[in-house]
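Hi,

Here's the structure I promised you. Have a look at it first, then read on for what turned up.

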Amino acid sequence: MEKNNESSSSCPMGETAQEKGFLHVPECYEVQPVDRPRFDSKIADIPIIDLEGMCDNPTRRRKVVEDIGFACRNSGFFQVINHGISQPILDGAISTATRFFDLPTAEKAKFMSNEVQKPVRYGTSIKDGLDKVQFWRVFLKQYANPLNDWILSWPNNPCDYREKMGDYAVAVQKLAIEIMGAITESLGLGPIYLTTKLDDGMQVMVVNCYPKCPKPELTLGIPPHSDYSCITILLQNSANGLEICDSGDGSWKLIPVVRSSLQVNIGDYLEVLSNGRYKSVVHRVTLNSEKTRISIASLHSLGMDVKMETPKELVDEEHPKGYKESSFNDFLVFISKNNLDAGKRSIMTAALL
């Protein structure tokens, strides 16, 4: 029987409460009462955008661009259907991710690291043993673009991991470029404004497992934060847990799971690009005691050292320049020195002029 006063620092990666299936939540996982999740959250009113015909029907494209622009201005979050990624590819990615997290600790330990710059790393919480508050999550982070540069450093157990996750990585990278084309078009910059830079840019896939939690009202899977990306595309299994912060009243609202859909949220670098017209969305993950949640977040941005800046076309008297340029590497340096659990004080704190 585990002792209730166990601290996370006494539980190294592979031995944490969430990995060992503790029947209680250690004190170091408990968030402040004001930050604890409520399980009567309202369902977020999030647009579901049908991408059918976006790339080959000019009339449909105008409608899709309009809908995406509206979603970016008003919530920073939307779901997409008919996105072109087949159900077998979606299911294959979730299945192989689930089986990876079911492996013995010794197998996953090959990828354990606290170094945020490592291109493939397994971890728990944010910075294991260093965070003031620990979080009920395990994850595998992996670089994915171009795929051939990184795939041989990914796990090869399960035996189909590279195949299934690789198929999804390629498909979601293509989709991200298409969606970003619609976003830049909605800003008046045209559909290919960032295409080459994104094609050559960073794709970071964060494969998350949020195990069943005995007291989900005490802790979180991941704290409030915004993403260090242009956009993030999320695939998840059937378990709820993702919540976004309503920018109007500060309340938390649950994102419903819609089978076959993908969730898209605006990241910090798109806020910089748009000069604040499109705001990155603060979100968090809550837990439940009945079901493990699996998600795959694909974060898309420019190259490691390529700085995102606001184009002159989006600066005028009504919209003076509000951000300085920053890169993906700037974020890695920032997060290595700071805690993520400060909400939307990630790279944006340093990006504001």
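This is a predicted model: local features need pLDDT of at least 70, side-chain atom pairs count only at pLDDT 80 or more; totals for chains, interfaces and linings use all residues.

**What turned up**

Two bridges connect β7 with strand β12 (residues 283-285), and these two strands run antiparallel.

β7 and β12 belong to an open sheet of five strands, in the order β1-β10-β9-β12-β7, and the pairing is mixed. Its edge strands are β1 (42-43) and β7 (222-225), each of which pairs on one side only.

Next, a couple of prolines. Going from N145 to P146, the peptide bond is cis, with omega near -5°. You'll find P146 in the loop between β5 (138-143) and α5 (147-150). The peptide bond from N157 to P158 is also cis, with omega near 5°, and P158 lies in the loop between α5 and α6 (161-186).

Finally, two asparagines with positive phi. N82 isn't a glycine, yet its phi is near 50°; look for N82 in the loop between β3 (77-81) and α3 (87-101). N275 isn't a glycine either, and its phi is about 60°. That residue is in the loop between α8 (268-273) and β12.

So is N275 buried or exposed? It's buried: its relative accessible area is 8%, and the cut-off for buried is under 20%. N82, on the other hand, is partly exposed, at 43%.

Cheers

Note on methods:
Residues are numbered from 1 along each chain as its sequence is written. Side-chain values use heavy atoms; hydrogens and water are left out. Two strands pair if DSSP finds at least two bridges between them. Helices (H or I, at least four residues) and strands (E, at least two) are DSSP runs, numbered from the N terminus. Buried means under 20% relative accessible area, exposed over 50%, partly exposed in between (1.4 Å probe, protein chains only).
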